[in-house]
Amino acid sequence: MGGCAGSQRRLSDSEGEETDPAPRPPLQDRQGAHWKNAVGFWLLGLCNNFSYVVMLSAAHDILSHQRAPGNQSHVDPDPTPTPHNSSSRFDCNSVSTAAVLLADILPTLIIKLLAPLGLHLLPYSPRVLTSGICAAGSFILVAFSHSVGTSLCGVVLASISSGLGEVTFLSLTSFYPRAVISWWSSGTGGAGLLGALSYLGLTQAGLSPQHTLLSMLGIPALMLASYFLLLTSPGSQDLGGEEEAEIAAQQPLINSQATELKPGSSSHLSLRERWTVFKGLLHYIVPLVLVYFAEYFINQGLFELLFFRNTFLSHAQQYRWYQMLYQAGVFASRSSLRCCHIRHTWALALLQCLNLAFLLADVWLSFLPSIYLVFVIILYEGLLGGAAYVNTFHNIALETSDEHREFAMATACISDTLGISLSGLLALPLHDFLCRLS
């Protein structure tokens with residue numbers, strides 16, 4: 001009603017009649033829509049990656065069936081925990097945490113491989129609903145799991161949710177001002193920090209892993225509310241008429257035709273055009289693949305092996321702290337685009353590979369004297385990874401044409417997933433090799 005009244009007031013003014021001495025400036029409506037979309041995309045980034053991060057933070061517990069101290073509530077009702085290799089200096093689980101990584105990333109990889117072939121052309125609302133349902137299902141399934149296999153099925157649901165959501169929301173940014181990419185990236189970084197920190201904090205406080213996971217069921221509901229109730233109609237960004245833009249800017253997606261919005265430009269691209277766009281993205285895709293390969297090889301291949309016996313933290317607690325510090329670095333750098341714009345992302349890839357080489361050497365030779373030095377390195381690792389992500393997508397948004405941008409976003413988001421998948425495949429045999437050797 002406010003938008004319609006504003007339109008009538010402006011019409012009267014154009015005819016020389018003053019009906020309102022202080023009409024609301026259209027700029028306020030545009031600013032209101034801007035902040036709605038900014039907060040909406042931040043929350044979507046947060047909610048989309050939350051279950052994925054929590055599953056990685058819980059990886060050690062999933063594989064070792066550990067209970068939180070002072071709490072006998074179970075994740076797995078089997079009273080006998082999976083045995084560790086107590087003779088190993090690494091205190092190895094029988095299965096590497098890379099197994100959880102693979103369950104958490106391979107479904108995402110499949111979804112992202114299908115995206116450029118047409119998955120991104122499906123209506124947005126069904127994809128968002130599916131993503132939310134899968135996220136909720138992952139928490140429930142892992143919480144009530146009776147075996148590692150069932151838990152990994154729950155992790156797969158989290159992966160489907162995260163992968164489908166990332167393709168969907170990154171494609172959706174092409175209908176909004178480029179600034180929303182920064183907010184989305186910051187939200188995904190916030191998911192890492194809040195997801196890892198909440199799992200660490202709740203289990204440290206004595207809550208069982210089961211109850212910790214169940215307490216997070218509000219996150220999928222928040223994602224659906226952010227999409228359907230908070231984002232304004234994408235049409236408000238392009239409409240030529242000020243009146244129509246003002247009206248659309250006040251309408252949430254659930255009340256607009258955007259709930260069934262399909263891309264208009266990408267659907268008409270030929271295979272030749274798509275291949276040309278893909279080749280043009282390779283100078284951004286390859287460095288991002290390398291960054292994520294190196295950092296997730298560290299996270300799921302080396303974190304469990306960077307074990308310090310003479311500290312007040314147990315092995316499981318050390319692993320959770322590593323995850324939390326990594327995610328803190330990611331959050332800081334994914335939120336830094338307004339302060340620092342990096343064009344040459346290959347430099348970040350080189351630094352991350354050096355990080356991997358250094359920590360791999362420490363796992364082999366054990367020359368670092370303190371866990372606190374590892375904490376600093378892991379925080380730095382997260383800073384590199386987050387900076388590579390946000391700058392890659394920002395650069396792509398700046399350099400691609402309007403008709404190619406949606407396809408480019410959906411295609412480039414395969415980079416991090418491909419790097420993570422390769423790291424998981426190599427981390428599994430490395431874990432077995434080092435644990436047998438020690």
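**Exercise 1. Classify cysteine 339 as buried or exposed in this predicted model.**

Step 1. The relative accessibility of cysteine 339 is 73%.
Step 2. A residue counts as exposed over 50%.
Step 3. Cysteine 339 is therefore exposed.

**Exercise 2. Describe how helix H11 packs against helix H13.**

Step 1. Two packed helices are described by the angle between their axes and the distance between the axes.
Step 2. H11 covers residues 271–302 and H13 covers residues 346–365; their axes come within 8 Å and cross at roughly 20°.
Step 3. Angles under 35 degrees count as roughly parallel, so H11 is roughly parallel to H13.
Step 4. The crossing of H11 with H13 is left-handed.
Step 5. On the H11 side the contact includes Pro287, Phe293, Glu295 and Leu302, and on the H13 side it includes Trp346, Gln352, Asn355 and Val363.
Step 6. Sorted by class, this contact of H11 with H13 holds 16 nonpolar, two polar and one charged residues.

**Exercise 3. Describe how helix H5 packs against helix H9.**

Step 1. The axes of H5 (residues 124–143) and H9 (residues 218–230) are 8 Å apart, at an angle of about 165°.
Step 2. Angles over 145 degrees count as roughly antiparallel, so H5 is roughly antiparallel to H9.
Step 3. H5 and H9 cross in a right-handed sense.
Step 4. Residues of H5 in the contact include Tyr124, Ser131, Gly132 and Phe139; among those of H9 are Pro220, Met223 and Tyr227.
Step 5. The contact of H5 with H9 has eleven nonpolar, three polar and no charged residues.

**Exercise 4. Summarise the chain as a whole.**

Step 1. The chain has 16 helices and zero strands.
Step 2. Of its 438 residues, 56% are buried.
Step 3. Among contacts with a separation of 6 or more, 84% join residues 24 or more positions apart.

Notes. Residues are numbered from 1 along each chain as its sequence is written. This is a predicted model: local features need pLDDT of at least 70, side-chain atom pairs count only at pLDDT 80 or more; totals for chains, interfaces and linings use all residues. Side-chain values use heavy atoms; hydrogens and water are left out. Axes are lines fitted to C-alpha atoms, for helices over the stretch in contact, and angles run from 0 to 180 degrees between N-to-C directions. Helices (H or I, at least four residues) and strands (E, at least two) are DSSP runs, numbered from the N terminus. Angles under 35 degrees count as roughly parallel, over 145 as roughly antiparallel, 65 to 115 as roughly perpendicular and the rest as oblique. A crossing is left-handed if the near helix is turned anticlockwise from the far one by less than a right angle, and right-handed if clockwise. Contact means heavy atoms within 4.5 Å. Ala, Val, Leu, Ile, Met, Phe, Trp, Tyr, Cys and Pro count as nonpolar, Asp, Glu, Lys and Arg as charged, and the others, Gly among them, as polar. Buried means under 20% relative accessible area, exposed over 50%, partly exposed in between (1.4 Å probe, protein chains only).
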